[in-house]
Amino acid sequence: MENYFDFKKQIDDDKLRKIAHSLRNGKLAIFPTETVYGIGTNGLDSEAVKRIYETKARDFKNPINLLISGIDMVENVAQNITDLEYKLMEAFFPGPFTIILKKKPIVPDVVTANSDTVGIRMPNSEIAIKLVTYAGVPIAAPSANISGTLSGTSLQNMSNKFLNQVEYIIDGGKSNLGLESTIVRVIDGIPHILRPGSITPKQIEKIAGKVIIENSNLPSNNLKHYQLNAKAILVYSTDTIKMIDKLQKLSKNYKKAVILSYSENIKKYKAHYIDIIDMGSINNLELVSKELFANLKKAESLNPDMILIEGIKKDGLGLAIMNRLLNVCDNNYIEI
Ligand code: TXA
Ligand code: MG
């Protein structure tokens, strides 16, 4: 493939520079970031950004974030930035953190879905940060996936039909974190978490003194997210045995149920005829997050008539994991 660039082991800076210049001129690339893959172009070019919406079949009411490579670039696109907003950016840039700021008129309406704010993130991935730096303009980059489905965390996660729509595909291997960034908007001096991610409420509280968890309050809220080809039910109890019992009982209602379980719990399932996928150790939620979307895809590929998923305490990374899983199961959630 002529448009495929393998930067898994090493980045070819000359090639990356060429790709970045093409993006500035309105071409599209799928590329890795530390959270999930992005599909990006010049964030100040409304025609190019429109193509991203079309490629993703994204609702034009759902605004797109900009990736930037430094505070100077933030100041080119945002205004009236408060001390607290600067403090948060200092603390969490580069990283899995998106901040919603008041936009400057230079940002096209198509990027912000006609709102007066713009989402900004500085990625902590060598490929992504270099891509933005070489482009010299903010890169509009939503997650690389068809709207309503799981974000791509590796190229293997994406269909050829989707990949073939862009001019450049950069392979950086598996995304490090595997979950999309934490999105924060400061309202009346208090950070509100609009989407939980790897930056936890506690970390934000440390910087800001206070934080309000809205646990998903985005312009895209009324749209479907993280949809699979199979139905799913999420079950949680602080009593693990109770949770497993419930999942086992539920599994009997279906011809082919697949269970997603934490490593520690797998051996506790008696019904060994059930397909069980290991989500990883409950004591290593970083790894669970990293593999979560791949494991959901694996479950889906077994063509089950139901996917049954173990829940987890909504604490730290658990909050972000549960947020994604609640979307996956369309709020089909049982807490006992
Ligand atoms: O980690 C990430 O954030 C990844 C990587 C590629 O950077 N990107 C990502 O983008 O997840 P996307 O478009 O899939 O999700 C961004 C979310 C959307 O739900 C959108 O509604 C919200 O951010 N958003 C964008 N601009 C906004 C704004 N001005 N106000 C409020 N929410 C906004
Ligand atoms: Mg997305």
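Biologist: How do the residues of the shell around ligand 1 divide into nonpolar, polar and charged?
Modeller: In this predicted model, eleven are nonpolar, ten are polar and four are charged.

Biologist: And how many residues surround ligand 1 in total, and which are the closest?
Modeller: There are 25 residues around ligand 1. Thr35, Asn62, Ser143, Ser181 and Ser220 are the closest.

Biologist: Nice. What does the side chain of Asn62 do there?
Modeller: One of its N or O atoms sits 2.5 Å from an oxygen atom of ligand 1. The side chain of Ser181 likewise has an N or O atom 2.6 Å from an oxygen atom of the ligand. For Asn65, a polar side-chain atom is 3.2 Å from a nitrogen atom of ligand 1.

Biologist: How much of ligand 1 does the protein cover?
Modeller: On its own, ligand 1 has 680 Å² of accessible area, and the protein covers 95% of that.

Biologist: Which elements give two or more residues to the shell?
Modeller: Those are E6 and strand E7 (117-121). E7 gives the most, with four residues.

Biologist: Switching topic: which way do E6 and E10 run, parallel or antiparallel?
Modeller: Strand E6 (residues 97-103) and strand E10 (residues 182-187) run parallel, joined by four bridges. Phe97 has Thr182 in E10 as its bridge partner.

Biologist: What about E10 and E11?
Modeller: E10 pairs with strand E11 (residues 190-195) in the antiparallel sense, over five bridges. Ile187 is opposite Ile190 in E11.

Biologist: And what's between the strands in that hairpin?
Modeller: Two residues lie between E10 and E11, and in this hairpin Asp188 takes a positive phi near 50°.

Terms used:
Residues are numbered from 1 along each chain as its sequence is written. Chains are lettered from A and ligands numbered from 1 in the order in which they are written. This is a predicted model: local features need pLDDT of at least 70, side-chain atom pairs count only at pLDDT 80 or more; totals for chains, interfaces and linings use all residues. Side-chain values use heavy atoms; hydrogens and water are left out. Two strands pair if DSSP finds at least two bridges between them. A residue is near a molecule or strand if one of its heavy atoms lies within 4 Å of it. A polar contact is a pair of N or O atoms within 3.5 Å; within protein, one must be able to donate a hydrogen and the other to accept it, and residues adjacent in sequence count only if both atoms are side-chain atoms. Accessible areas come from the Shrake-Rupley method with a 1.4 Å probe; for residues, only the protein chains shown count as cover. Ala, Val, Leu, Ile, Met, Phe, Trp, Tyr, Cys and Pro count as nonpolar, Asp, Glu, Lys and Arg as charged, and the others, Gly among them, as polar.
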